[in-house]
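Here is a short briefing for a first look. Take the overall picture before the single residues.

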Amino acid sequence: MKINFPFLSIVLLFIFSSCSEDDSSNTNNIQFVAAFENQSVSFTDTEDEKVIKLVFSETAAQNGVITINYTENNLSYSTDFTTTPSAENGSIEIAYQAGEAETSFTFNKLTENPREGENEKSIEFYITDVTNGTTQGNTNLLVNFSEAASLGGSVAPTIGGPNEGNQVYIDLSAQTETIVARDKWDLAFYSGEEFRVKLNNSLFMMAAELNTNNIDEITEADVEDLQAQMQLLQAGSDVYVDNPNGTITGTAINEISSVLDENKVYLINMGNEVGTDTPETGSVAVAGDSRGWKKIKVTLENDTYVLQYANLNETTHQQQNISKTPDYNFTFFSIITESIVDVEPLQTKWDLNFTVFTEVLELNATEYTAYGFSDYVATNVLANTNAYQVTVNESINYSDFSIEDVDESLFELDQRVIGSNWRDVFNHSVETNLFYIVKDPEGNIYKLRFTALVNENGVRGYPTFEYNLLNL
Amino acid sequence: MRNTLLLSSLILFFNSLLAQNNSETENDSIKRNELEEVILTGQYNKQSISKSVFEVEVLTQDDIQRLAGNNLADVLTQTLNMNIVPQAGEGSSGIEQFGFNSEYIKILVDNVPIVGDEGFGNAIDVTQINLDDIEQIEIIEGSMGVQYGANAVTGVVNIITKKSAKHKWQITPYVQEETIGNEYSWFDEGRHIQSIKVGHNFSDKLYANALYTRNDFKGFLNNNKGENYYNTNSENDSLRGYEWLPKEQNTFKALVNFNNKKNFRAFYKFEYFTERTQNFAENVFFNENSSTQTVNPSANDELFKSTRFYHHLNATGQIKNKIRYNISASYQEQVKNYELYTYWLHSGNKTTIDKYDYNTRQGIFSRGTFNNFFNNENAKLEVGYEINLDEGSASGLASQNIDDRTKTNKLNTYSLFASSELKTSKNISLRPGARVITSSQFSTQYALSLSAKFKLPNSYQLRVIAGSSPKLPNFEQLYYYLVDSNHNVQGNENLNTENGKSIFVHFKKTYWGKDSNLKYTPKLSTWYLDVDDKIDLIVESTSPLAYKYQNIDLYRTWGLSFRNKIDYKNLSASIGVSFSGESQVLNSAENFNDDYLYGFQINSNISYQLPKWQTTFSAFFKYNGPTYQFVYDVDDPSIIRKSKLNGYSWLNASIQQKLANNFIITLGARNVLDITRVNLDNGQAGTHSSSSSSQLLGYGRSYFLKCLYNLNF
């Protein structure tokens with residue numbers, strides 16, 4: 001037996017073809033970028049120190065320094081303000097370490113905001129150098145010694161991950177968020193002219209009028225048929241929820257009458273607890289166990305709401321007087337904790353509410369149903385926050401959109417303008433061809449686009465958006 | 001790991017060269033009748049195909065070689081009434097037979113069901129079944145519950161492995177290089193197979209072999225752009241990743257066979273198999289940084305790792321020259337591990353998000369058959385038992401709560417079966433059979449069969465074969481759970497088995513030419529097969545809307561086929577035509593149409609040997625005619641439309657050349673007609689909904705070169 005050429009060649013081929021290249025070296029050669037997190041910072045009279053954040057395009061691969069210069073406008077270093085680290089010869093050097101994704105410096109305000117009629121006081125910082133990198137985007141930062149409206153920025157509302165346990169109120173002009181656990185309240189009593197009661201639709205609550213004034217005579221046996229109807233994805237269940245457009249006259253509970261006997265008892269589906277399960281990556285688990293059923297009745301006494309409430313089978317009830325709260329949309333009450341609770345910021349101090357939401361959908365050609373949505377964004381229609389949706393085309397895109405492009409006739413007073421339109425659930429992403437124009441209660445007009453539905457690991461409940469002031 | 005294995009095989013190889021043992025012992029092997037194929041499936045003992053009561057189709061080792069088949073998916077595409085349906089997005093392929101999915105066909109290796117990710121004998125990913133140690137593949141159509149128990153509804157594929165060799169040493173290394181469509185490169189594209197097999201006769205009674213094969217399928221990009229791609233306009237375009245997932249398989253098998261040449265034979269077979277499949281998410285998360293106006297894209301990528309262990313111990317023999325026994329015991333397990341990780345496209349960093357065993361399967365199997373109680377050729381009886389202890393888990397059952405996503409299930413079944421072969425006259429043999437299946441979960445099931453073989457005048461043969469087999473519900477049907485404020489879809493732990501039954505009639509004759517050079521066998525077959533109590537999702541309540549699985553539907557199919565085989569000198573050819581109809585009685589639906597929808601298939605293969613040059617030319621052709629299905633209108637479910645999957649053909653061709661006696665080169669092409677996607681028209685024409693989509697069936701015309709060396713001494 002001899003070893004011949006074909007055999008040797010097959011052995012060689014064997015060895016050679018079983019090799020494989022294991023390291024998939026990356027072809028994307030990416031430059032390191034640093035910028036200010038926001039375009040502007042405003043100081044109220046009482047504030048005297050703010051941390052100015054600088055963010056990176058990705059985690060720094062090596063140590064480095066960001067050099068910042070500034071232009072003063074009726075202000076001067078040492079007299080009116082200082083920074084930490086301090087400026088040397090008109091420039092500030094901020095060191096960062098490898099592995100960091102952001103850095104910052106502190107701005108100390110030493111003098112007061114200008115009075116009415118006095119000259120505007122501001123300072124503009126600008127990045128002049130980044131070690132082994134560059135700057136783009138927010139290369140400049142305007143610091144105002146006044147309560148000027150924010151020029152814009154990016155926001156990641158804390159809605160609480162895949163259980164979406166929070167309602168988050170966003171004030172664009174102040175760039176603030178107010179976070180409220182969405183099961184903190186059950187009923188909201190309108191503070192405006194009318195006497196209206198709103199349900200917490202983030203918990204999928206529903207209300208049905210019963211044919212009695214006596215809250216104590218209702219038991220479960222009286223309402224069994226109604227209970228089957230008061231469900232999500234049930235034909236006709238749309239009549240048991242507040243009008244999703246947000247008009248105060250569209251509440252499921254009729255206007256509270258000053259005539260005592262005109263106010264009926266309502267059966268309340270308390271909806272679902274905030275979910276606690278961990279879903280698969282990319283899914284939500286917003287709805288937990290059922291919160292059961294209650295019965296309520298609301299009447300008026302000297303322009304104050306009087307709420308009666310009880311568990312369904314009880315023959316006695318609790319009673320609570322609830323007054324309107326001026327400068328707020330509503331007074332909020334929790335039947336669970338039996339107390340008045342703080343929820344919304346001042347009426348004009350929020351524009352958007354990130355929340356789970358009860359919407360009304362067509363079930364088929366003739367019937368409608370209530371349906372639960374996650375990742376919903378409602379506008380503050382009761383404070384006249386107007387909005388409209390823009391679809392990107394060849395001539396319109398977000399970055400070039402300016403105040404001249406705003407079409408006042410398109411503004412709508414409907415809290416669903418943004419709604420869930422902005423998200424693409426199937427692809428776990430945003431609808432990149434849509435953006436929004438929002439006019440806040442103070443008349444600031446912002447353009448706004450969503451940048452993420454999920455976080456970098458694909459987990460739901462981490463939306464982000466960016467916005468820019470148009471009427472500068 | 002890979003290199004160690006390679007090294008040890010090489011060391012083994014060179015050691016064997018040094019040994020220089022030239023004693024060429026002629027040893028026992030299955031003496032294959034040159035004219036008559038010998039089969040095992042459904043038989044009491046190994047016997048020739050013409051004596052079998054069942055109709056068995058055989059794919060020989062030569063067929064497999066000429067197709068350069070490395071796994072079962074490579075070769076079954078040519079079989080009539082059967083389709084290989086790829087799940088390109090998962091990297092797996094299942095067998096569809098008579099329109100039923102892979103849960104209804106049983107895959108056996110040496111008569112023992114093989115474990116897979118999702119089943120024990122059924123729902124097998126046929127790309128995971130390596131063919132490098134195969135004697136032949138036997139295929140039976142029809143319900144075979146008496147012989148093979150539950151889930152043998154539409155048929156059985158039995159893979160018979162080689163258990164002997166003629167030479168004292170037999171060393172067979174081969175490499176196979178393949179393009180995937182038009183994609184090929186030495187490292188990162190194409191399909192690369194390396195294999196080495198070593199067989200040794202320790203004595204005339206003891207034979208052992210071992211083989212190692214690596215199958216590195218680099219995936220099919222088609223229009224996609226791989227792992228590191230993202231759209232720089234920050235808009236997902238679904239082009240990331242692969243159209244056909246890349247995967248790498250390693251198979252290690254070993255066999256020890258003992259044969260005392262009198263009345264006892266035993267073998268032990270072992271297999272260790274691993275598979276690694278990667279799925280790159282088609283969309284990325286851009287992670288826009290509005291401040292720096294940059295993106296830092298990441299993606300939810302997935303890694304699937306399957307591992308299989310297979311042990312099979314078999315003993316056959318005869319007690320006192322009378323009772324023949326055949327006892328198998330097998331332990332098998334397969335685990336599919338799932339890892340979800342975040343891949344950062346800029347840095348190449350990976351962070352694991354989730355890692356767990358997605359599917360696990362452990363099976364203990366034993367079957368024993370006993371026959372030849374009377375030594376009477378006219379009245380044979382076989383009795384047997386089968387024990388099947390099947391424990392498994394499946395995930396993905398509750399997307400809203402990961403604590404509930406995995407369910408385990410244990411299903412122990414114990415069967416007793418008996419059948420008899422009676423020659424009532426010289427020309428008629430009957431074979432009645434029955435099986436009782438008791439299980440830990442379902443009510444007692446029965447499988448029955450009755451087959452008859454008639455020898456008619458002029459050597460016509462008529463076979464009538466009736467059988468039944470229950471089909472067990474799958475994990476999703478038992479345990480799926482999606483209940484939240486907007487949905488209510490639930491599995492049903494109280495489901496019972498589905499019931500399949502079939503009747504086949506085969507009529508055939510073999511014609512011989514005058515000089516015995518010509519052999520022509522036509523065969524006409526017709527059949528009816530149905531599955532009753534078929535499980536489907538029904539609306540259990542409309543207020544509120546809730547769905548649940550129930551035993552409710554009836555699927556049925558009938559058909560005709562005409563198969564022909566011709567051998568003339570160095571030419572052998574076959575052509576078959578099959579025409580079949582399927583009907584579904586969907587009691588689960590509000591409205592349905594149970595008309596039969598018909599389709600047809602043609603298969604043909606031809607091979608010609610040039611003995612002088614030791615060259616074989618072969619071509620394999622299969623035409624799958626258009627197939628139809630009833631679908632509900634997207635806008636108005638009360639309207640039922642007919643969808644149509646266009647017809648398509650598979651054509652494979654190869655040239656096999658023997659060089660220097662022991663060196664065999666096979667050069668060929670798969671999918672010569674370049675099929676990738678086949679149009680699926682959903683009949684919605686005229687409405688605003690899109691009226692057609694396509695189904696991915698192949699990865700286009702691919703070329704292969706296989707170099708195999710037989711070192712025998």
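What share of the contacts in chain A with a separation of 6 or more comes from residues 24 or more positions apart? Such residues account for 67% of those contacts. Two residues are in contact if their C-beta atoms, placed from the backbone, lie within 7 Å.

This is a predicted model, in which local features need pLDDT of at least 70, side-chain atom pairs count only at pLDDT 80 or more, and totals for chains, interfaces and linings use all residues. Residues are numbered from 1 along each chain as its sequence is written, while chains are lettered from A and ligands numbered from 1 in the order in which they are written.

**Overall build of chain A**

- Chain A holds two helices and 32 strands. Helices (H or I, at least four residues) and strands (E, at least two) are DSSP runs, numbered from the N terminus.
- The radius of gyration of chain A is 29 Å, whereas a compact globule of 472 residues would have a value near 23 Å. The radius is taken over C-alpha atoms, and the globule rule is 2.2 Å times the number of residues to the power 0.38.
- Along the principal axes, the C-alpha atoms of chain A fill a box of roughly 95 × 95 × 45 Å.
- Of the 472 residues in chain A, 43% are buried. A residue is buried if 20 or more other C-beta atoms lie within 10 Å of its own, exposed if 12 or fewer, and partly exposed in between, with C-beta atoms placed from the backbone.

**Domains of chain A**

- Chain A is divided into domain 1 (11-155 + 379-469) and domain 2 (181-341). These bounds come from an automatic or database domain assignment.
- The C-alpha centres of domain 1 and domain 2 of chain A lie 40 Å apart.
- Their contact takes 13 residues from domain 1 of chain A and 10 residues from domain 2 of chain A.

**Backbone details in loops**

- A:Thr84 and A:Pro85 are joined by a cis peptide bond, with omega near -5 degrees. A:Pro85 sits in the loop between β5 (81-84) and β6 (91-96) of chain A.
- A:Glu338 is a residue other than glycine with a positive phi, near 55 degrees. Its loop runs between β23 (330-334) and β24 (339-341) of chain A. A:Glu338 counts as exposed because it has 10 C-beta neighbours inside 10 Å.
- B:Gln614, also not a glycine, has a positive phi near 55 degrees. B:Gln614 lies in the loop between β30 (597-610) and β31 (615-624) of chain B. With 13 other C-beta atoms within 10 Å, B:Gln614 is partly exposed.
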